[in-house]
Amino acid sequence: MEHRNRQHHIERLGEALREEIAALIEGELGDPRIGLATVTEVQMAPDGRAAHVLVAVVGDEHEAERTLQGLTASRNFVRREVGERLQLRHPPELYFRLDRSQEYESRIDQLLQRLKKRSQ
């Protein structure tokens, strides 16, 4: 029973982190490298000490890399701000990664369309 409660706590913390980090990226980070980015998911480590923040970036590969560099440079600021806002004694370490699920989804759709045309 206790394991389930811990897991539920980690999931709620991940969702709260996603919301707060998204708000920070949209309004408070002044780094010019950060483009139009959306936080799609936060994957928490089982112990809650680390969080992988998946970010989808509008634009080409170069713009995505620049945005990721800007986010990585500001991760200590984001961690401190999120810790204060959520009143966390030990906020998790943040690791920003690009979310490529939209690219994979569109590629799979293209392949399925080709397959559908060939079978007709």
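**Figure 1. Buried residues of helix α3 in the predicted model.** Helix α3 covers residues 75-85, and V78, E81, V82 and G83 are buried within this helix. Buried denotes a relative accessible area under 20%, exposed one over 50%, and partly exposed a value in between, computed with a 1.4 Å probe on protein chains only. Helices are DSSP runs of H or I with at least four residues, strands are runs of E with at least two, and both are numbered from the N terminus. The structure is a predicted model, in which local features need pLDDT of at least 70 and side-chain atom pairs count only at pLDDT 80 or more, while totals for chains, interfaces and linings use all residues. Residues are numbered from 1 along each chain as its sequence is written, and side-chain values use heavy atoms, with hydrogens and water left out.

Figure 2. Q87 lies in the loop between α3 and β3 (93-98). Just after α3, Q87 adopts a positive phi of about 55°; Q87 is a residue other than glycine. Most residues other than glycine have a negative phi. With a relative accessible area of 72%, Q87 is exposed.

**Figure 3. Helix α2 and its buried face.** A64, T67, L68, G70 and L71 are the buried residues of α2. Viewed down the helix axis, the buried residues of α2 fall within an arc of 160° and so line one face; the arc is that of the directions from the axis to the C-beta atoms. On the face of α2 turned away from the buried side are the exposed residues H62 and A73.

Figure 4. E41 has L54 of β2 as its bridge partner, and V39 stands opposite V55 in β2. In the hairpin of β1 and β2, 5 residues lie between the strands, and G48 takes a positive phi near 80°. β2 also pairs with β3, in the parallel sense over 6 bridges, and A51 stands opposite L94 in β3. Because 7 of its 8 residues are buried, β2 is largely enclosed by the rest of the structure.

**Figure 5. Lining of the largest pocket.** The residues lining the largest pocket are R6, H9, I10, L13, D47, G48, R49, L88, R89, H90, P91 and P92. This lining divides into 5 nonpolar, 3 polar and 4 charged residues.

**Figure 6. Q102 in helix α4.** Q102 belongs to helix α4 (residues 101-119) and counts as exposed at 54% relative accessibility. The C-alpha atoms of Q102 and A56 are separated by 8.2 Å, although the two residues are 46 residues apart along the chain.

Key: 1 Å grid on protein atoms, 1.4 Å probe; cavity = no way out; pocket = protein on both sides within 12 Å on 5 of 7 lines; lining within 4 Å. Nonpolar A, V, L, I, M, F, W, Y, C, P; charged D, E, K, R; others polar. Pairing = 2+ DSSP bridges.
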